[in-house]
Amino acid sequence: QVQLVESGGGLVQAGGSLRLSCAASGKIFSINAMGWYRQAPGKQRDLVATITSGGATNYADSVKGRFTISRDNAKNTVYLQMNSLKFEDTAVYYCNCNAKIRSFSIIQEYWGQGTQVTVSS
C-alpha cells in the first residue's frame, strides 16, 4: 500500500507563509496526480490544489495567486507553498494521491492523516 505523511503545518499570523510537504512511501509503481485538500471545522473537505505527474496544476479560486503546488517525482513528494495566509485558510490540510502499486493494478486514491494549519487574525 501507499502511505502519505504530511509535515509543515502550524500556527502563523495572517499575512505569513507556511510550506507543507507530503512524502509518499510504500509499494509504489507510479503516482499520477497529487494534491492538497482542506477541511475547516464543520465544513466539507475541499480541493486546494492538484498537480499531475507532468506538472499541470489546478487551484481553487480562493487560493490562486497565493498558494503554489509543486512536486518532486524522484522523491514522490508534493509541496504546497502558502503565502499571504488569511484567517479563512485555517483548516486541516490533507495530502492526496492517485497511485498504482503494480503495473497491472488499478489506480487507487490515498490520503494522508492531515496537518493542522492555523492562521491567527
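Me: Let's start with the overview. How many helices and strands does the protein have?

Reply: Remember that we are looking at a predicted model. Its secondary structure comes to zero helices and eleven strands. Read along the sequence, the pattern is β-β-β-β-β-β-β-β-β-β-β.

Me: What does the radius of gyration say about the protein?

Reply: A compact globule of 121 residues would have a radius near 14 Å, and the protein has 14 Å, so the two agree. Along its principal axes, the C-alpha trace spans about 50 × 25 × 20 Å. Buried residues make up 42% of the 121 residues.

Me: Now the sheets. How do strands of a sheet pair?

Reply: Strands pair through backbone hydrogen bonds, and they do so either parallel or antiparallel. Here is a case to trace: four strands form an open sheet in the order E1-E3-E8-E7, with antiparallel pairing. Strand E1 (2–7) and strand E7 (67–72) stand at the edges with a single partner strand each, so one side of each has no neighbour in the sheet. On average, neighbouring strands of this sheet are turned by 15° against each other, direction ignored.

Me: Which residue is the bridge partner of valine 5 in E3?

Reply: Look for alanine 23, the bridge partner of valine 5. Their strands, E1 and E3 (residues 18–26), pair in the antiparallel sense over six bridges.

Me: And where do the side chains of a regular strand go?

Reply: They alternate between the two faces of the sheet. With that in mind, let's visit a residue in a strand: arginine 38, found in strand E4 (residues 30–39).

Me: Is arginine 38 buried or exposed?

Reply: Arginine 38 is buried, because its relative accessible area is 13% and the cut-off for buried is under 20%.

Me: Which side chains make polar contacts with the side chain of arginine 38?

Reply: You can find a polar contact of 2.9 Å to the side chain of aspartate 89. Another, also listed at 2.9 Å, goes to the side chain of tyrosine 93. Leaving aside neighbours within four places in sequence, arginine 38 is in contact with residues including Asp46, Val48, Phe67 and Val92.

Me: What about hairpins? What sits between E4 and E5?

Reply: The hairpin of E4 and E5 has six residues between the strands, and glycine 42 there takes a positive phi near 75°. E4 and strand E5 (residues 46–51) pair in the antiparallel sense over five bridges, and threonine 50 in E5 is the bridge partner of glycine 35.

Me: Which glycine takes a positive phi in the hairpin of E5 and E6?

Reply: That is glycine 55, with phi near 100°, in a hairpin with five residues between the strands. Three bridges join E5 to strand E6 (residues 57–59), and the two run antiparallel. Isoleucine 51 has threonine 57 in E6 as its bridge partner.

Notes. Residues numbered from 1 in each chain as written. Predicted model: local features only at pLDDT ≥ 70, side-chain atom pairs only at ≥ 80, totals over all residues. Heavy atoms only, no water. Buried < 20%, exposed > 50% of the residue type's maximum accessible area, 1.4 Å probe, protein only. Polar contact = N/O pair within 3.5 Å; in protein donor to acceptor, adjacent residues only side chain to side chain. Contact = heavy atoms within 4.5 Å. Pairing = 2+ DSSP bridges. Axes fitted to C-alpha atoms, helices over the stretch in contact; angles between N-to-C directions. Rg over C-alpha atoms; globule rule 2.2 N^0.38 Å.
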